Amino acid sequence: MPEWDSAEMMNVAAARELHDGDVCLVGVGPPNLAANLARRTHAPNCRLVYESGAIDAKPRRLPLSIGDDDLAATATAVVSVPEMFNFWVGAGRIDVGFLGAAQIDRFGNINTTVIGAHAHPKVRLPGAGGAPEIAAAARRVIVIVKQSPRTFVETVDFVSSVGYGPTGRERVAPGAGPTRVITDHGVLEPDPSTNELTLTRLHPGVTVEQAVATTGWVLKVAEGIQEVPAPTTAELTALRGLRNREASDA
Amino acid sequence: MPSPAPPGTITALSEAIAEHVHDGDTVALEGFTHLIPFAAAHEIARQGRRHLTLVRMTPDLVYDQLIGLGVADRLVFSYGGNPGVGSLHRLRDAVENSWPHPLAVQEHSHAGLANAYSAGAARLPFAVLRGYRGTDLERQRDIISSVTCPFTGEELAAVKAVNPDVTVIHAQLADRDGNVMLWGITGVQREAVLAADRAIVTVEQVVDEFPERTGAVILPNWVLSAVCVVPNGAWPSYAAGYSVRDNDFYQRWDAIARDRDSFLAWAADNDLKESADA
């Protein structure tokens, strides 16, 4: 078994959440890596939709931005941004949306806007982008985020995208909400009755104590916690090829 | 509404900016990663425009530069990062530290701002969407509110229309009558042009006749105020069929913009005016 690091484990675990045939809305950063990894491994027929308007994009290399020409050139259709958000995302045609987070709370509410007060922020973050509508309308939302007490917080400074609401019971949007949170330590899933994010799986070599220590709230841990299978050689080869921007045969 | 451009009139970029972009205007420079009108932005800075309200879904490097140069008093946007790289440091310095002066912010989601342009293009006062519910973006009541559907009773988000004084875009082609054609990722440019009072387009090339192209957007000359030939006017963004995105410059910008002195040195090297009050 080859060597791998926790970031690679996180990317691989995220990619495994995509099923073959899923329609996946892809954003910049780790989601882009995960979606393209899935397409090069177990889900060759997943359909990649980029918010820049490219539908069924088949990038030959990992795109560096969501507006790379390769996406438009390989897409079945390229639509305008209003059409993308109204007719495709908002209308519920997306199976899976991947999101990142600067802060996330126990009910999966996400902040990508500011640290501190909105009027006078300590840190001005990029903002909402496409995430609020993806969080609302995608059938499943998968959050990819490294665990730390600064990121996994009791209360987010700003709700950019809604998970299950302030107490876990306020979700009104049509999609299921954040069904998985993939971290560098393991996988969190909402408790079926309370929607509280609960640690259900650990990556190989990670302890429950580590996951608890890097969470800013008292983390619930599922009984009979399972271990995530380590990355396979095929997954690692594909992941590293993507990161090195090697072209695929497809 | 703009007066019809006399057929065949192609103007110099400096004249178009001088005539159509004024201090205090609300200005939208659109292009979603692709076809970002950098050359026009730099001309706006060189002519020393001040107190602009800048509207753009993704501020990108183009507004990081204008904000650092002190051109803007207000920013209306939906995603303010350097895609795939990280922060927009001039935007952050303006919001966090008021450098070179305070920058007021109105922010949307992509869906919100795209719909605000669409309503603007339709000359409707607002647009309706399902997003925003439960987010803190809703607290900006002057631009985001709610409305009840008169047919179903469903409560929906309402977003105030955006109608720029002037929209600037970059496109691949103009014909000799000043009609414009763009293709590839066409973002929200059609909506931004039709929402504006005046519109300026920079193009790669003028041709006698447009080629056949699936999915192209064509803007008739009578909705445009000026068309200017500016080859490579989208660099370091790109124009499909003419150039590729200069990803290295997007990476390098992180170091240039991180520090005020290196930013000002970049501005001086590129003959861009520093902020008067920097």
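Predicted model: local features only at pLDDT ≥ 70, side-chain atom pairs only at ≥ 80, totals over all residues.
Figure 1. Apart from neighbours within four places in sequence, the residues in contact with B:His20 are B:Asp25, B:Val166, B:Arg198, B:Ile200, B:Ser225 and B:Ala226.

**Figure 2. B:Val62 in helix 3 of chain B.** With a relative accessible area of 0%, B:Val62 is buried. When neighbours within four places in sequence are left aside, B:Val62 is in contact with B:Leu29, B:Ile36, B:Pro37, B:Phe38, B:Ala41 and B:Arg56. The view also takes in B:Ala40, which is 22 residues from B:Val62 along the chain. The C-alpha atoms of B:Val62 and B:Ala40 are separated by 9.9 Å.

**Figure 3. Helix 7 of chain B and the elements it packs against.** Helix 7 of chain B runs over residues 247-258 and has 12 residues. From its first C-alpha to its last, helix 7 reaches 17 Å, close to the 16 Å expected at 1.5 Å a residue. The buried residues of this helix are B:Asn247, B:Phe249, B:Tyr250, B:Trp253, B:Asp254, B:Ile256 and B:Ala257. Helices that these buried residues pack against include helix 2 (38-46), helix 3 (60-68), helix 4 (89-97) and helix 8 (260-269) of chain B. Strand 4 (81-82) and strand 5 (86-87) of chain B are also among the elements packed against the buried residues of helix 7.

**Figure 4. The interface of chain B and chain A.** On the side of chain B, 41 residues are in contact with 35 residues of chain A. Chain B and chain A bury about 3,100 Å² between them, and 62% of this area is on carbon and sulfur atoms. Across the interface, 13 residue pairs are in polar contact, with both residues at pLDDT 80 or more. Helix 4, strand 6 (104-107) and helix 5 (110-121) of chain B are the elements that give two or more residues to the side of chain B that touches chain A. Helix 5 of chain B gives the most, with five residues. By residue class, this side of chain B divides into 17 nonpolar, 17 polar and seven charged.

**Figure 5. The salt bridge between chain B and chain A.** The count between the two chains is one salt bridge. B:Glu107 and A:Arg124 form this pair, and their closest N and O atoms are 2.7 Å apart. Side chains of opposite charge can pair when their charged atoms come close.

**Figure 6. A:Glu8 and A:Arg240 in a salt bridge.** Over all chains, the search finds 23 salt bridges in the whole structure. In the pair shown here, the closest N and O atoms of A:Glu8 and A:Arg240 are 2.9 Å apart. A:Glu8 is in helix 1 (residues 6-16) of chain A and A:Arg240 in helix 7 (residues 233-243) of chain A, so that the pair links parts of the chain 232 residues apart. A:Glu8 counts as buried, at 4% relative accessibility, whereas A:Arg240 is partly exposed, with a relative accessible area of 30%.

**Figure 7. A:Glu17 and A:Arg180 in a salt bridge.** The side chains of A:Glu17 and A:Arg180 meet with an N to O distance of 3.3 Å. A:Glu17 is in the loop between helix 1 and strand 1 (23-26) of chain A, and A:Arg180 is in strand 11 (residues 178-182) of chain A. The two residues are 163 residues apart, and the pair links distant parts of the chain. A:Glu17 is buried, with a relative accessible area of 10%, while A:Arg180 counts as partly exposed at 23% relative accessibility.

**Figure 8. B:Arg176 and B:Asp208 in a salt bridge between two loops of chain B.** The N to O distance between the side chains of B:Arg176 and B:Asp208 is 2.5 Å. B:Arg176 lies in the loop between strand 10 (166-175) and strand 11 (180-182) of chain B, and B:Asp208 in the loop between strand 12 (198-207) and strand 13 (217-219) of chain B, so the pair ties together parts 32 residues apart in sequence. B:Arg176 counts as partly exposed, at 48% relative accessibility, and B:Asp208 counts as exposed, at 64%.

Conventions: Residues numbered from 1 in each chain as written. Chains lettered and ligands numbered in written order. Heavy atoms only, no water. Helix = DSSP H or I, 4+ residues; strand = E, 2+ residues; numbered from the N terminus. Expected span 1.5 Å × (residues − 1). Buried < 20%, exposed > 50% of the residue type's maximum accessible area, 1.4 Å probe, protein only. Contact = heavy atoms within 4.5 Å. Buried area = accessible area lost by both parts, 1.4 Å probe. Salt bridge = Lys/Arg side-chain N within 4 Å of Asp/Glu carboxyl O. Polar contact = N/O pair within 3.5 Å; in protein donor to acceptor, adjacent residues only side chain to side chain. Nonpolar A, V, L, I, M, F, W, Y, C, P; charged D, E, K, R; others polar.
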